[in-house]
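Biologist: I would like to learn how to read the features of a model such as this one. Please put it up, and I will ask as we go.

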Amino acid sequence: MTSVAVGAERSNESKIASIQGYIERAIEDLLASLRNPKELSAEERRGIIARYAAVLEGNFIYWMTGAYISVRSDEARAKIMDNLREEVRDCHPGMMRRFAIAAHAIPTDADAQAVYRNLMSVRLFIGRLSAVPILVTMAFFEGFIQRFMSYLAELAQRQGSAEMEYTDVHGVCDVTHTQELFRALEAEMVLAHPLPEKDMFEGVELLRTLIQSMVVNKRSMNTRRGSHVSQGNGDLGDSADYGGRQEESASSDR
Ligand SMILES: [Fe+2]
């Protein structure tokens, strides 16, 4: 390896470390913003599970497919394909649906409407098929999901459910998935032009805003508005409308 190549590799390693740090902070912020399940009403618990299902069931494979289409390296393609194969072979959308059914939290039109705008922003971002920012976003998402599973499981248990396959599987397998996405990111960064930070983390911030609209409801949005700590454009004031426009159903988003 030439000294130039060694230098480029070291530079990418330090960029990956800084991306990991950014993602870790974003995940910690989100987890810290979650309300104690003991303090949630049954409807608030149901709403979080239902909005999570409304987003995950119909979009995760689509977003990961966007990652697959956008990458150029064989290594990244192979890692993303492993992830997609597992999603389809083990029917993760079906697992998600069983989890929601057992917790009496099947998404309603109002749940779909609550995440509609922020979900659309993430879809359009994925549609630009820019490999590095998509991989950063999906690494953030996998990392968040893995850490969120115990909370989601507790909500479901408090809803009287004993169906925990979804949370059991994703609390474990997403650890590996996150690591593999970082390896895919390393491979892709070798091929990509350097990006300004704003572009690198655009998807993370859009997804963070979407997750906030999944896990935060109107009541907690109001109480948190003054104290929320955000690193980017995760402004809850610009997130979903939870109450008044339920008739504008977004059922196609499920
Ligand atoms: Fe999955």
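Biologist: Which residue forms a salt bridge with Asp-74?

Modeller: A salt bridge is called when a side-chain nitrogen of Lys or Arg lies within 4 Å of a carboxyl oxygen of Asp or Glu. Here Asp-74 pairs with Arg-77, and their closest N and O atoms are 3.7 Å apart. Before we go on: this is a predicted model, residues are numbered from 1 along each chain as its sequence is written, and side-chain values use heavy atoms, with hydrogens and water left out. Local features need pLDDT of at least 70 and side-chain atom pairs count only at pLDDT 80 or more, while totals for chains, interfaces and linings use all residues.

Biologist: Where do Asp-74 and Arg-77 sit relative to each other?

Modeller: Helices are DSSP runs (H or I, at least four residues), and strands are runs of E of at least two, numbered from the N terminus. An α-helix has 3.6 residues a turn, so residues three or four places apart point the same way. Asp-74 and Arg-77 are three residues apart in helix 3 (residues 74–89), which separates them by about one helical turn.

Biologist: Is Asp-74 buried or exposed?

Modeller: Buried means under 20% relative accessible area and exposed over 50%, with partly exposed in between (1.4 Å probe, protein chains only). Asp-74 counts as exposed at 61%, whereas Arg-77 is partly exposed at 29%.

Biologist: Which salt bridge links distant parts of the chain?

Modeller: Take Glu-24 and Arg-147, whose closest N and O atoms are 3.0 Å apart in a salt bridge. Glu-24 is in helix 1 (residues 3–32) and Arg-147 in helix 6 (residues 131–158), 123 residues apart. Both are partly exposed: Glu-24 has 36% relative accessibility and Arg-147 has 30%.

Biologist: What do Arg-97 and Glu-57 tie together?

Modeller: Their side chains meet in a salt bridge of 3.0 Å, N to O. Arg-97 lies in helix 4 (residues 92–102) and Glu-57 in helix 2 (residues 42–70), so the pair connects parts 40 residues apart in sequence. Arg-97 is partly exposed at 26%, as is Glu-57 at 22%. The structure holds 15 salt bridges.

Biologist: Which side chain of opposite charge is nearest to Lys-79?

Modeller: By convention Lys and Arg are positive and Asp and Glu negative; His and the chain ends are not counted. Lys-79, in helix 3, is buried without a salt bridge, and the nearest opposite charge is Glu-75, 4.6 Å away. Contact means heavy atoms within 4.5 Å. Setting aside residues up to four places away in sequence, Lys-79 touches Glu-180, Arg-183 and Ala-184.

Biologist: How many residues does the largest nonpolar core have?

Modeller: In soluble globular proteins, nonpolar side chains tend to be buried together. A nonpolar core is a set of buried Ala, Val, Leu, Ile, Met, Phe, Trp, Tyr and Cys residues joined through side-chain atoms within 4.5 Å. The largest one here has 71 residues, and Tyr-52, Leu-56, Trp-63 and Phe-148 have the most contacts inside it. Helix 6 gives the most to this core, with 18 residues. Beyond four places in sequence, the contacts of Trp-63 include Leu-119, Phe-141 and Leu-207.

Biologist: Which residues of helix 4 are buried?

Modeller: His-92, Gly-94, Met-95, Met-96, Phe-99 and Ala-100 are buried there. Just after helix 4, His-104 takes a positive phi of about 55°.

Biologist: How many helices and strands does the whole protein have?

Modeller: The protein has 10 helices and zero strands. Of its 254 residues, 50% count as buried. Among contacts between residues at least 6 apart in sequence, 86% join residues at least 24 apart.
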